[in-house]
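Colleague: I'm new to this one, and I'd like to learn how to read it feature by feature. Could you walk me through it?

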Amino acid sequence: MVAEPQLHITLLGEFGLVFRGKAAPSFSGDRPISLLAYLLLHRHTAVSRQHLAFTLWPDSSDSQARANLRNLFYTLRQTLPNADDYLAADAMTLQWRADASFVLDVAEFEAALAAATTAVSDADKVRWLETAVSTYTGDLLPGNYDDWIIPRREALRQAYHEALYQLVRLLEQEGNFRAAARYGHSLIQHDPLDETAYVQLMRLQAFSGDRAGVRRAYEQCAAILRRELDVEPGPATQAAYEQLLRLEAPTVPVRPPESRPTAIRPSPLPVPATPFIGREAELAHLAELLADPNCRLVTIVGPGGMGKTRLALQTAVGHQPVFADGVAWVALNAPQTPDQVAAAIAEALQYRQSGAGDAESELLHLLATRQLLLVLDNFEHLLPAADFLSRIVAETTAVKLLVTSRQPLELAEEWRFDLGELPVPAELAAETLAENSAVQLFMQSARRAASARPPGVADYPAIAHICQLVGGMPLGIELAASWVRLLSCAEIAQEIARSMDFLTVSQRHVPPRHRSLRAVFDYSWSLLTPAEQQILLRLSIFQGGFTREAAAEIAAADLPQLSALAERSLVQRTAVGRYSLHNIIRQYAHDHLQADPAVYQETAAQHGRYYLQWLAAQDAVLRGPGQKDGLTAVATELANVRAAWEWGTANQCCARLRRADFALFYFYELRGLIQDGEALFRLTAEALQAEALYGDAECQIAIWAMRTHQGYFLHRLGQTNVARDLLQQTVTQLEALGEEKTLSYSLRYLGLTAWVNGRFDEAFDLLQMSHELAGRCQDQWGVVISQAYLGVIMRGQGRLAEAVEQLTAVLSQAKAVGDPRLIAYTLLASGRTNFYAGNLAEADQQLASCLEIAQETNDLFNITNSSLYLGLVKQAEEDLTTARKLIQQSVALCTQTNDLFGLQDASISLGFLEIAAGDFPAARFRFQAILQMENQNQETLFLLPAIVGMAALQAREGNTVTALRWVFTVLEHPALHIEAKQRAETLCAELQERLTPDQITRAQQEALEQSLDAIVASIVGS
């Protein structure tokens, strides 16, 4: 008997991990879960460390990303129960063990779908599909926004949607209308804006005799469309509702006559110039649609160059044996007019029309009883002839239509099949890239272009970049590959990045409108009205998508116009109320926009003003109870926000920047983007300073506001002395300018730099001034954070009872403000204070509450610090195993976010933990690393405890007098924080018990003669 797997992992919906029947509570933060998910979802192959580091930290240097990965993998191994049973690692790769016994919901979902695909009977298929949809409890890790996971999440969403659709269809065919309706409701929950799903549900309710159910489904559809899109249901939906409300039976198709006319002979299908690659899922979906008796007209819709014709041709080839009268290919590339469609179909059937009457009626008479697939390619310029296709469906019994078009036909009979790009490779491992259909298409096309010297495995990264640049568009990939006879793959990528005009060929077999991407889009552009052209070029100003409201404000695009562009596949709807442009379409439209400098500047200004105003409005959200939603909103719009910020900087829009600066600062702080934040505000200040007019007070205030934010981030990066010098300048300038609110922030951050270096009185005075200014400016958030910092300074001074009282009062005020970060920080400060006061139970409870709140908003600062001090509590309770896990998690998070200040704090604590565990070489490494940092010559917060740690190691090596001399030096230092003081006093007492009075006196005298710098020099030089 096979043992039941002990490990169960859930990635669909919320993350969950159960080991031996118990939930594993130790996973915290997105990063360990992201790494675990990546290894699980790529469990069939070893993953390159280099590729994985780049995937998880794309904006970091290679060395930094690999260091981050090492720390994160270490954290994962410490967190995952029985990790060695599941994780394998060597110097080059990481992998989830293929032979591991575990249960993964994604694997169960995919296995059920695969079983449904191969099921022989409909009953078995229904059973497996029901298993699949019951397993899908939500999107793949919905709170994770890593670039690599988004395509996989969307693919699983689509698979779930397709499974629901198949279930509804199969159950309806069985006559099990009530069961089909249940899954129809699930389809609507999955995509509440899909009107076809409501029509389908109404039909099922009608077949069940449930007139009230028909009405409920329609009213739900209408209510959601009004709320989300401010529109009414479409005419087809309304017509279906009116018919089904009467519970009318479905139309029964006419039975074909027993005698059949002489078979027709469609012309042979075109022979494709290239083999067919990829699109397996699309082929299977089209085959299912064409097998559905209710589906008579399918339109493959997509922008030019997406491969509609090639997919339709491959579908036609595969269906020749299915249709008794064959498959007819109707090419509509030539400049036919709508009244010539019937003639084009007749020509494809090799049927000579009599010319005696109505050509359409004659053709319909010919097709009346045929079992035939008609494929009409490139129908977008013949849309007025769409009504004739309706007649074909209505007046024939077994003819099916497969149409390709850049926009849908808008017929009630139409089943729309949207064709997107090929999946773009997200991984750089050679074996993974070799299996990617976009890369395979490039390689195949390149071999034809340069058979003597085709690209090799070494070119895969550049090929992947090419596929990304063209957004997975098949035509773009083929055009790019045609250049390999002259350029390397890396050079091709560079040329595409410069201009889409590079993507052009001159082969005679290629239709003129497919010889360049510009020609492809010139054709689509020509089909637009002037008003639609203006809207599309203005939409190209957006970065990374946009909302309907933004489109209306910036591009003057109302919902019908936006919908019209979406129908033409020029705009994509990516979520409820959110849209985007395909990368290549955006580049084409942006070229048109830049061709008119006046329109470009006007559009850029509208975009900049809109998003700076929008960002300013997020300030209150980010500092209040809605912080989590605010963070998601800003993250979604970050590319647009950054573009608007650059516009505002370039155009010296100082007032607009000032209104939005704190929201952007706080977003970077809350998301742990410390290095990015420092760079952004430094570059903004430099740009404003270079152009600012003398005496322009607004611009001067903006400059020093940016410098204030820069100073804070410098402090977080561990450059406290540099931060202090800069913040002293900001204080002087802002005092002269009379800008009190920003001055209160500068004073607050300057107080932090004084606190770090043990200048407690100075820090206290600065924080008091910050507090008073914030109160005068009615900045309640600033009042509360200043009071919290005052409590931290009291703690540093050893005034623990006062600090606890101060922070207790602050906590109630923080809760009134509602900012989760502010509440969590106050709990963190209280927990740390109680820890140093010896109140371990209170400390544990407050730090655990801080961690819980911080995890809800993914507040990395408070996650890092609460983990660290919870680890210290566990160490005090002599639970060294749990302490190590928590402190190492803190080290890993600090490394991930480049939080050098936090990293030093965590490293000191880890050093003392190593001493407690008996690993003295590891402890020595930690303390020496702190003492060797170049900027530590005055930052006593970490310098002094590192010396105490080295003194403890000296004592264990028998150098007790030296150790005591160092401890006396530390205890006499005026900048000694409570953290270091407690450790030094404990060690001092231990050392004095081992020495004679003379030795103690000698150590005290020598301590007076030895400077701190001399001690550091002797340690670093040893």
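Colleague: Let's start with pairing: in which sense do strand 1 and strand 7 pair, and over how many bridges?

Modeller: Keep in mind that this is a predicted model. Strand 1 and strand 7 (residues 102-104) pair in the parallel sense, over three bridges. To find the spot, look for L7, whose bridge partner in strand 7 is F102.

Colleague: What is the sense of the pairing between strand 1 and strand 2?

Modeller: That one is antiparallel, with four bridges between strand 1 and strand 2 (residues 16-19). Here T10 has G16 of strand 2 as its bridge partner. The two strands form a hairpin with five residues between them, and in that hairpin G13 takes a positive phi near 80°.

Colleague: How do I read the two faces of a strand?

Modeller: In a regular strand the side chains alternate between the two faces of the sheet. In strand 1 (residues 7-10), L7 and I9 make up the covered face, while H8 and T10 make up the uncovered one.

Colleague: Which strand order does the open sheet of three strands have?

Modeller: The order is 4-6-5, and the pairing is antiparallel. Strand 4 (47-48) and strand 5 (87-89) are the edges: each has a single partner strand, so one side of each has no neighbour in the sheet. Strand 4 meets strand 6 (residues 93-96) over two bridges, and S48 stands opposite T93 of strand 6.

Colleague: Which helix packs on that sheet, touching strand 4, strand 5 and strand 6?

Modeller: That's helix 1 (residues 30-41), whose direction makes about 75° with that of strand 6. Helix 3 (residues 62-79) lies across strand 5 and strand 6, and runs at about 145° to strand 5.

Colleague: Now the inside. Which residues touch the most other members of the largest nonpolar core?

Modeller: The general idea is that in soluble globular proteins, nonpolar side chains tend to be buried together. In this model the largest nonpolar core has 254 residues, and those touching the most other members are L11, L39, W96, L539, F546 and W645. Helix 43 (residues 940-956) supplies the largest share of this core, with 12 residues. There is also a second, separate core of 47 residues, with W329, I477, A481 and I496 among them.

Colleague: What does L539 touch, leaving out residues up to four places away in sequence?

Modeller: L539 touches F546, A551, A555, L562, L565, V571 and L581.

Colleague: And backbone angles: where does N378 sit, and is it buried or exposed?

Modeller: Most residues other than glycine have a negative phi, and most peptide bonds are trans. N378 is not a glycine, yet its phi is positive, about 65°. You'll find N378 in the loop between strand 10 (371-377) and helix 15 (386-395). Its relative accessibility is 7%, so N378 counts as buried. N898 is not a glycine either, and has a positive phi of about 60°; look for N898 in the loop between helix 40 (880-897) and helix 41 (900-917).

Colleague: Stepping back, how many helices and strands does the protein chain have?

Modeller: The count is 47 helices and 15 strands. The radius of gyration is 34 Å, close to the 31 Å that the globule rule gives for 1022 residues, so the protein chain is as compact as a globular protein of that length. Along its principal axes, the C-alpha trace spans about 125 × 80 × 70 Å. Buried residues make up 55% of the 1022 residues.

How values were computed
Residues are numbered from 1 along each chain as its sequence is written. Side-chain values use heavy atoms; hydrogens and water are left out. A nonpolar core is a set of buried Ala, Val, Leu, Ile, Met, Phe, Trp, Tyr and Cys residues joined through side-chain atoms within 4.5 Å. Buried means under 20% relative accessible area, exposed over 50%, partly exposed in between (1.4 Å probe, protein chains only). Contact means heavy atoms within 4.5 Å. Two strands pair if DSSP finds at least two bridges between them. Axes are lines fitted to C-alpha atoms, for helices over the stretch in contact, and angles run from 0 to 180 degrees between N-to-C directions. The radius of gyration is taken over C-alpha atoms; the globule rule is 2.2 Å times the number of residues to the power 0.38.
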